[in-house]
Amino acid sequence: MSTQKSQRQWGDYLQAALPKIVVAPTFITTLIFIYGFILWNAWLSFTKSRLLPKYDWAGLIQYERLFANERWWVAAQNLLIFGSLFIGICLLIGILLAILLDQRIRAEGALRTIYLYPMALSFIVTGTAWKWILNPGLGLERLMHEWGFEQFTFNWLVDSEMAIYTVVIAGVWQSSGFVMALFLAGLRGIDDSIIKAAQVDGAGLPRIYRSIIIPSLRPVFFSAIIILSHIAIKSFDLVMALTGGGPGYATDLPATFMYSFAFTRGQLGMGAASAMMMLGAVAAIVVPYLYSELRSTRRG
Amino acid sequence: MKKIWGTAKPTLLITLLLLVAPLRVVAGEVEVLHWWTSGGEAKSVAVLKQLLEKAGHKWKDMAVAGGGGESAMTVLKSRVVSGDAPTAAQIKGPTIQEWGDEGALTNLDAVAKAGNWENLLPKVVSDVMKYNGHYVAVPVNVHRVNWMWANPAVFKKAGAKIPTNWQEFAIAAEKIKQAGLIPVAHGGQPWQDATTFESIVLGIGGADFYRKAFVDLDSKALNSPTMVQSFEVLRTVQQYTDKDAPGRDWNLATAMVIKGEAGMQFMGDWAKGEFTAAGKKPGKDYICMPAPGTAGAFTFNIDSFAMFKVKDKSAKVAQNDLARIIMEPEFQEVFNLNKGSIPARLGMSMAKFDDCAKESSADFVSSSKTGQLVPSMAHGMSTFSSIQGAIYDTVTAFFNSDMSAKDAAAKLDKAVQGAK
């Protein structure tokens, strides 16, 4: 009897602890391989590490060198341009496509798939394809010339002032379909009766969208912006495939900057410092937004 | 630590053990880290493997693909940090000194003495192979960087003369442009911009100026009228490239010369492989000659294997044999025939090599005597990678903008001093 009882207790205990046990390995690996490494990187950014890590405190010297580096400011400015345009245009196109697709049109499933499909490609493929399309001697410009439009020029890819916008074009092409899918799901989730009530009250379609539908898509905006901004900040493969950071370093982003300084130039400390700045940027944008959004949803 | 193991599943432990197990070194084995994975290069490495196996040792290949060896270096760093260095790794130039500073390299003086390396290598080369006066690395080949590859048919069509200095270059380039062809085939990538630029600096300023600027990193040379003039010539070269150049790979630029779309290309002797593969003959279908104004001078890019400290005695024996075999004429010949470069070892028969390689070899010997043998900045032979990167950044920023030559020289100096 008592053994049976203790066995049951054991079983209950196991049952209660099982989720924790199952989750423990991933929890520990996350703790070490993400948060642990963030701390390690922070430490490295305060040392004089070059080729290999060193652990002697050197103060803010790496940050001073980083801020004195012109290329870093080009990268930071590019992130600002790329990030804001990429997120803004993706949201705009995404919501527009979603609203148009939501008009109960024919063959919606097929159209949806077509728009969503670029998401299935990796950024490397997107970058390479757009590199060929935008190359003046190979793609669009040459095609237009062959069609007889001799004056047509579109040489953004090889122009250091404009090259960063080609990264925006390729990024938007890839990601706006995904944003559309998010918004479409959001639109389908809106209660029909509210819209009907508004129609009864005599509201026109634009008014309904402006005052009812778009405000109620707030959580979708939230997820879309979070997803897009992290894509923007960690963007690496797209730039590598599309422009290789060029012409010169005109399309360098912080991620490509960090890679080249930490891994190819033997300036581990400076690379670590730039990585900390990226972490700071993510935290500065995402954390307040996350905080305000989560707080308001809890209240609401 | 113990607590972590305690909670982790045993499978995790087993996986870790499996990961660690193959890394143990077996007796008499060499493990060589390299990034020679493409056609001709892989063939060259296979030769080394054969020769070593003939000497009774085991070869463990550790090829890490990825262009300039970035991924290979990352692997090497983690291996050395975890105290499990490979026997040898493909490291070149001043990076050898950086590894020497880390205390990771072994001493090859005994092998060098037995093999009489001191007399077989030019001093400029053996200095690169030494750390604190001791041999730590073995040179495999010598690439010449200051080459110009020209298509004589294009020059004939344009009625232009193949230039031997930078004034003639401007005249010839203008004629080719007038004839509706592209004067300079260029790939707008930072390293290619820098490759062209270092040939210009050598041609304009000469070997002594080149050394002051790119080896001694002297402010007075970096921000000087000569450097300004070099930047002006680079601007001229840039104006004679086509507008699709940015981002183009070097071999595609070579293809433009092969196909007769462009007149010339400034590129190291690896470009020869492209001509050979296209079935072109040197002297007839294409001309290899030193970049304008650099005849008699030689910018070298030497691949080498640095040897790491190994604990095991038999591994040490194998390592010494590896070093010996690399320097032997048999390997140097076969390897360089495949790779398109020339042997690092002096006094070898060049009978089997083509005309370009023969000229390269002759200039290598003569320039080492006249003091015109200089390390290539663009290929990491003259400075640490951090400074090389700083030079790259300035040159490529100049190349891709309308920055004035004067600003560029000032910026170059500032960037170099900042990266020191």
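In which sense do strand 8 and strand 9 of chain B pair, parallel or antiparallel? Keep that in mind as we walk through this predicted model, beginning with the chain as a whole.

Chain B is built from 20 helices and twelve strands. Its C-alpha trace spans about 75 × 50 × 40 Å along the principal axes. A compact globule of 420 residues would have a radius of gyration near 22 Å, so the 23 Å of chain B agrees with that expectation. Inside the chain, 52% of the 420 residues count as buried. Contacts also reach across the sequence: among those between residues at least 6 apart, 77% join residues at least 24 apart.

Now let's return to strand 9 of chain B, which covers residues 262-266 and is mostly covered, with five of its five residues buried. Strand 8 (residues 182-184) pairs with strand 9 in the parallel sense, over two bridges, and here I182(B) has A262(B) as its bridge partner. That settles the opening question.

Finally, look at where the two chains meet. The contact takes 29 residues from chain B and 27 residues from chain A. On the chain B side, the elements giving two or more residues are helix 1 (2-7), helix 4 (70-81) and helix 19 (385-399). Helix 19 gives the most, with seven residues.

Key: Residues are numbered from 1 along each chain as its sequence is written. Chains are lettered from A and ligands numbered from 1 in the order in which they are written. This is a predicted model: local features need pLDDT of at least 70, side-chain atom pairs count only at pLDDT 80 or more; totals for chains, interfaces and linings use all residues. Two residues are in contact if their C-beta atoms, placed from the backbone, lie within 7 Å. Helices (H or I, at least four residues) and strands (E, at least two) are DSSP runs, numbered from the N terminus. The radius of gyration is taken over C-alpha atoms; the globule rule is 2.2 Å times the number of residues to the power 0.38. A residue is buried if 20 or more other C-beta atoms lie within 10 Å of its own, exposed if 12 or fewer, and partly exposed in between; C-beta atoms are placed from the backbone. Two strands pair if DSSP finds at least two bridges between them.
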